[in-house]
Amino acid sequence: SETKRRERVYVVDAERRPTVEASEPLFIPRGYGDWVSHRPPNEIPFTIEPDSTLITGRRGYNSFKNLTHAITLPLPYADPANDDYGFFANTIWLEPLNKHQLFVLGGVSVTRFVDRSFLLLSYINNTLAPSLALNLYRFPSPSSFYGNALLVENLTGGDLSATLPLDLTDTPYTTTLAGARVRYAYAEPFDLASDVDLETAAGELPLPETGYRTDLQLGFAWKHQRPYRYNVIDPLDGTGVRARVTLGAPILGSNNQFVRPDLAAYWISPQIAIGRFYAYGRATAQFGELLAQDYLGLSRYDDFDIQLPVFGAITLDDAERVRGYRSYAIGNRVLFGTLEYRLPPVIDLSTNLLGIIDLDRLGFSLFADAGMVWTGSNTSDAIHRTGVGIEAKNVVSIGGFQILHSLGIAAPWSELDENLVWDDVDLYYRVQAAVAF
């Protein structure tokens, strides 16, 4: 158990003998050495000849021919507010050895065929090193919070990404990845409502722009995370580091020219008392110009971040938020950190809804968030935020897919005195993974 706990194995040669002569002959009882010559009564050979009676034919394995249909679901849709009616369908094809994955989602608008019909094609190829993922789309982007409203962009274009696992260490439960993504897409934001509140802590959010995005992102990630039954809500001690840089160039009609480095890390402590500490930090900067809606700073609402099979990570926003605050902070330099003390999820709600939704484990955590936003090299006008609170976390299982969602209450640290009023308290709901990446 000691070697397992330390994730080490100590090997002692069976032929090893003392290097110092003993004053008396060394006597080893026979029972201590029997294991050297002991063998099981039946040994499985290293090579086993196939049973010829079971073989009907031999041929090379063709992964493309074994691409198998998983599900296709057609449905009608209606959007009366925009006079948009039509049909859409999605289909998923998988290959038994996971060499190919294909996902297609398409829709045809009967009333507004030209501007409302859509298509999303996603293909993943795992036959090469690195793995390749190709996305082509004419599709509305996932909605993201912008001011007090939702921002949706109609995206037309595509991206190609490559991911390469790196065997830099033989430490168990460790993943090291390098990746790159190139993207070219035209973004056309749908109109925001006229009463959208764009106020921030220092000015206003800019109005979303229409334009092309041409960018290249390079990244590296190292992560050590032990497997655990309740990793969705309470991961065991782990560590992760992620470094990314995104480069934008004004080519092919693109409206951006920038460099955006991004460094993030997290750490989960071994058990301390009855819980564990979780620490996460991130530093981001921006040099140059992007589309207005690709702002850098702290957001008003929490982003939507989960991990799903086949599709990987789904994130609707990329900005951090200091819990306890309900306003934006915009700049081109951001530092963010959070510290949580997570209690083990000992309570099981054991609740089933409609036969497909299960509310499972429930846990609690105390936390403190801190953020700093400023522009340029001058930090004298920097915006500082610190929020503290308590959060209840629950695992919801939808058709077997587990998602972590949380309900919490927070307040600015500076308001924790006799002048604290209910308007200063932030009651929030969020859907986020237990670790940042």
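Which residue takes a positive phi in the hairpin of strand 24 and strand 25? I looked there first. Glycine 399 does, with phi near 60°. The hairpin has 2 residues between the strands.

**Ground rules.** I am working on a predicted model, where local features need pLDDT of at least 70, side-chain atom pairs count only at pLDDT 80 or more, and totals for chains, interfaces and linings use all residues. Residues are numbered from 1 along each chain as its sequence is written, and side-chain values use heavy atoms, with hydrogens and water left out.

**Whole chain.** I counted 3 helices and 26 strands. Both are DSSP runs numbered from the N terminus: helices are H or I with at least four residues, strands E with at least two. The C-alpha trace spans about 95 × 70 × 50 Å along its principal axes. Of the 437 residues, 34% are buried (under 20% relative accessible area; exposed is over 50%, partly exposed in between; 1.4 Å probe, protein chains only). I then checked contacts (heavy atoms within 4.5 Å). Among those with a separation of 6 or more, 60% join residues 24 or more positions apart.

I went back to the hairpin. Strand 24 (residues 378-398) and strand 25 (residues 401-412) run antiparallel and are joined by 12 bridges. Pairing here needs at least two DSSP bridges between the strands. Asparagine 394 has histidine 405 of strand 25 as its bridge partner. Strand 25 also runs antiparallel to strand 26 (residues 426-432), with 6 bridges. There, glycine 408 stands opposite tyrosine 428 of strand 26.

**Alanine 436.** I followed the chain into the segment after strand 26, where alanine 436 lies. Is alanine 436 buried or partly exposed? It counts as partly exposed, because its relative accessibility is 24%. Leaving out residues up to four places away in sequence, alanine 436 touches Tyr278, Tyr280 and Asp305. Its C-alpha is 19 Å from that of threonine 386, 50 residues away along the chain.
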